[in-house]
Amino acid sequence: MIDRLWSRRGKTSPQEADLPLGDNVPQHVAIIMDGNGRWAQNRGLPRIAGHHSGMKAVKRVTKAADRIGVKYLTLYAFSTENWKRPKPEVDFLMRLPQEFLALELDELIENNVQVRMMGYRENLPSYTIDALEEAIHKTKNNTGLVLNFALNYGSRAEMADAVRSIAKEAADGRLNPDDIDEQLFSSRLLSSELPDPDLLIRTSGELRLSNFMLWQLAYSELWFTDVYWPAFTEELFQEAIMEYQRRARRFGGV
Ligand code: IPE
Ligand code: IPE
Ligand code: MG
């Protein structure tokens, strides 16, 4: 296995390289899909054209993740801070889940994909949440790739909520403070049903987390590209996975 990993290194492009190995594929890949606005502006288009085009990248990457054998794919689609944007842009973003699922839900079902959502359902327009809930319901028994949309998600809010709920239970005498440990805290987060991401990808050249899964990314491998999200390809996704496979994860050990 080490030989095969090494033999990839001389390859010049991901197309020439072998497919990522069947073993050591990251179980959970999380992506901060960034750069839609700049992609559009560089083409003289309005920012929303970038968001629209970004949907096609979502489809490409979902198919690639499924084919490679990733089990969980979490996509950061809208943060709790993105409400600060101009209302027309927010409105456009809120329409995208409905549009994406109208086009893709049948194919997701055919491919045994399970759709989930991680984020605050309140404050989302009914057409956004209804479309997602329908997809979640129709795919809940699927056993293939878990496609998890982080929508109206914010890591600090998520952690503050977890602390509040734990504190209330302790104050009510339903929980012994001595029983509060990392596992209990994790179980109170919006990601409680997911393993921690093994690999985090961020597009667009920004090197920050922007309030995304701060607790869960403690030991994730990080991979950045300057490419804007709408231009992100299956080949780049594969490149990120192969880079992940070359890394030695130590978790503080040797
Ligand atoms: C990412 O692209 C999509 C969302 C945050 C919803 P941006 O809209 O942030 O694009 P840039 O970063 O301004 O180029
Ligand atoms: C992070 O991107 C949020 C999503 C990709 C949904 P932003 O574009 O909102 O992040 P900042 O503002 O550059 O940190
Ligand atoms: Mg951005």
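This is a predicted model: local features need pLDDT of at least 70, side-chain atom pairs count only at pLDDT 80 or more; totals for chains, interfaces and linings use all residues.
1. Read from the N terminus, the order of elements is α-β-α-α-β-α-β-α-β-α-α-β-β-α.

2. On overall dimensions: a compact globule of 254 residues would have a radius of gyration near 18 Å, and the chain, at 19 Å, agrees with that. Along the principal axes, its C-alpha atoms fill a box of roughly 60 × 50 × 35 Å. Of the contacts with a separation of 6 or more, 76% join residues 24 or more positions apart.

3. Buried residues account for 47% of the chain. The accessible surface is about 12900 Å², and carbon and sulfur atoms supply 51% of it.

4. Which residues touch the most other members of the largest nonpolar core? They are I31, V70, L73, I201 and F237, in a core of 46 residues. Helix α4 (residues 87–110) gives this core its largest share, 8 residues. Beyond its neighbours within four places in sequence, F237 is in contact with residues including V29, V61, I68 and F232. A second, separate core has 13 residues, among them Y72, V146, L200 and M213.

5. Ligand 1 is surrounded by 13 residues, and D34, G37, R38, R47 and R85 are the closest. Oxygen atoms of the ligand lie 2.9 Å from a backbone N or O atom of G37 and 3.3 Å from one of G35. The side chain of R38 has an N or O atom 2.8 Å from a ligand oxygen. Alone, ligand 1 exposes 380 Å², and the protein buries 87% of that area.

Technical notes:
Residues are numbered from 1 along each chain as its sequence is written. Chains are lettered from A and ligands numbered from 1 in the order in which they are written. Side-chain values use heavy atoms; hydrogens and water are left out. A nonpolar core is a set of buried Ala, Val, Leu, Ile, Met, Phe, Trp, Tyr and Cys residues joined through side-chain atoms within 4.5 Å. Buried means under 20% relative accessible area, exposed over 50%, partly exposed in between (1.4 Å probe, protein chains only). Helices (H or I, at least four residues) and strands (E, at least two) are DSSP runs, numbered from the N terminus. Contact means heavy atoms within 4.5 Å. A residue is near a molecule or strand if one of its heavy atoms lies within 4 Å of it. A polar contact is a pair of N or O atoms within 3.5 Å; within protein, one must be able to donate a hydrogen and the other to accept it, and residues adjacent in sequence count only if both atoms are side-chain atoms. Accessible areas come from the Shrake-Rupley method with a 1.4 Å probe; for residues, only the protein chains shown count as cover. The radius of gyration is taken over C-alpha atoms; the globule rule is 2.2 Å times the number of residues to the power 0.38.
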